[in-house]
Amino acid sequence: MANISLHNNDSTSALDYMQPEHLRDIQLVRLQNTVKRAYDNVELFRGRLDEISFNPEDLNSLDDIAKFPFTVKTDLRDTYPFGLCASPMEDIVRLHASSGTTGKPIVVAYTQNDIEVWAQAMKRTFACTGIHKGDVVQNSYGYGLFTGGLGAHYGAEAIGATVVPTSGGNTQRQIMVLKDFGVSAICSTPSYFNFIIEKAAEEGIDLHDLPLRVGIFGAEPWTHEMRKRIETESGIKAYDIYGLSEIIGPGVGIECECQDGLHIFEDLFYPEIINPDTGEVLPDGELGELVLTTLQKEAMPMIRYRTRDITRILAAPCDCGRTIRRIERISTRSDDMFIIRGVNVFPSQIEAALLSVEGTLPHYNIILYTENGMDNIEVDVEITEDIFSDKIRAMESLRKRLSHAIEQTLGLRVKVKLVAPQTIQRSEGKAKRVIDNRNK
Ligand code: DLL
């Protein structure tokens, strides 16, 4: 193995253009270190590797990874709060937590080195979107236990940009900052940016007139149709950013200027796609669940973590020239799916159908309910003021077009309700659009 630098602290973006053999060499050394660290310091990993009689010293090929058992979210819950830590508490300089809908959150820990690796991952993330020194980055991801705020913050500083740490919420102030501080890039959830667009319009501000050029949107699923809406309404280029607390936070993957899949920083995170039902590893190009192994995390190494996020690896070279592979935009999580009258339905399919029809706004709710023992879907969608104040006939015609578009996509008839602008609750972070009232 010739002359491989295992430290990515100085030159960053060069790592995105490595020869695949070079990358694999780096991945193998880092995987060996990670597995050894996990085995030596984390009871759960040691127990699982002992169970399959695997000695970390025997790991000599990347293919060995397929032998390891998966790690799942309940492993973090069961070992709450620090059971998966591989570093002593005095070496841990930061804790974050992901809220989850029920029970205890999952807690994630970072050493100083982890924080630096993360900042470099986020620096590369921003570089992919053309953000550079001299840009003013408004960071509207929540600061706090959520990884979005501080994750993006350190990366933007690392690239030399000016960060405005607005965090989420206080939308009027967000707009003032956008307008007055020469902001050229914004980080937020796509749903929150939609809210900002709407509020700005109410104040008579057209985002096309501002220096804002780039949006870094993620932390929740969004569709191509939503991207088109955002780009048209604001005149900016909207990039999809992916990440999860268990692996590091934001900075696992990002789109480049081609906006055709998200590059994964493969020297830091080893991706696999599996069949979620059987656990079998699938070849590049096949749709399945993304499984990630951290290659440089110290405080909380993660081996074969099942993300529940559904995607595929796009192995074809990207036109941008980066050699790190891409994953397809994550349209759904395996646990977001619901089954209605025998049909598998993903919320993103409904979003795509709704936004393909003119006259709708990107604010909607999906309500699941039971009637006469049958499960049904009602989609409440806001429509533009023009249509809302128009004749009943125009509204009925729009409602029919929407029902038709959804039926075409799902193969299922659903109830569509047009609601007045401003009726649906806006989100300042991750949107919650599915309301499950079944059997209530
Ligand atoms: O959402 C980290 C993050 C912050 C990512 C800011 C991007 C920007 P968690 O709160 O742990 O971490 O949630 C992770 O959110 O497993 C996905 O299901 C979902 N998710 C994150 N980014 C995307 C995306 C942060 N671009 C979970 N598209 C993940 C679709 C996403 N889903």
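One part of the fold is an open sheet of 4 strands, ordered 20-19-18-21 with mixed pairing. Two strands count as paired if DSSP finds at least two bridges between them, and helices (H or I, at least four residues) and strands (E, at least two) are DSSP runs numbered from the N terminus. Everything here comes from a predicted model, where local features need pLDDT of at least 70, side-chain atom pairs count only at pLDDT 80 or more, and totals for chains, interfaces and linings use all residues. Residues are numbered from 1 along each chain as its sequence is written, and side-chain values use heavy atoms, with hydrogens and water left out.

At the edges of this sheet sit strand 20 (415–419) and strand 21 (434–437), each pairing on one side only. From one strand to the next, the twist averages 20°; axes are lines fitted to C-alpha atoms (for helices, over the stretch in contact), and angles run from 0 to 180 degrees between N-to-C directions. Strand 19 (residues 374–383) and strand 20 run parallel and are joined by 5 bridges. Looking along strand 20, Val416 turns up as the bridge partner of Val379. Helix 11 (residues 392–410) packs on the sheet and touches strand 18, strand 19 and strand 20, with its direction at about 140° to that of strand 20. Contact here means heavy atoms within 4.5 Å. Helix 9 (residues 347–355) lies across strand 18 (360–371), strand 19 and strand 21, and runs at about 135° to strand 18.

Then there is an open sheet of 9 strands, with the order 4-3-5-6-7-8-9-14-13 and, again, mixed pairing. Its edge strands are strand 4 (162–164) and strand 13 (313–314), each of which pairs on one side only. Strand 7 (residues 237–244) and strand 8 (residues 249–255) run antiparallel, with 4 bridges joining them.

Elsewhere, two helices meet: the axes of helix 1 (residues 20–41) and helix 2 (residues 43–51) come within 6 Å and cross at roughly 105°. That makes helix 1 roughly perpendicular to helix 2, a label for angles of 65 to 115 degrees (under 35 is roughly parallel, over 145 roughly antiparallel and the rest oblique). Helix 1 brings Val35, Ala38, Tyr39, Asp40 and Asn41 to the contact, while helix 2 brings Glu43, Phe45, Arg46, Leu49 and Asp50.

What about the ligand? Around it are 20 residues, of which Asp240, Ile241, Ser245, Asp309 and Lys430 come nearest; to be counted, a residue needs a heavy atom within 4 Å. A polar side-chain atom of Ser245 lies 2.5 Å from an oxygen atom of the ligand, and one of Lys430 lies 2.8 Å from an oxygen atom of the ligand. Ala219 uses its backbone instead, with an N or O atom 3.1 Å from a ligand nitrogen.

Most residues other than glycine have a negative phi, and most peptide bonds are trans. Tyr80 and Pro81, however, are joined by a cis peptide bond, with omega about -5°. Pro81 belongs to the loop between helix 3 (73–78) and strand 1 (92–98). Gln259, although not a glycine, has a positive phi of about 50°, and this residue lies in the loop between strand 8 and strand 9 (262–264).

Conventions
A polar contact is a pair of N or O atoms within 3.5 Å; within protein, one must be able to donate a hydrogen and the other to accept it, and residues adjacent in sequence count only if both atoms are side-chain atoms.
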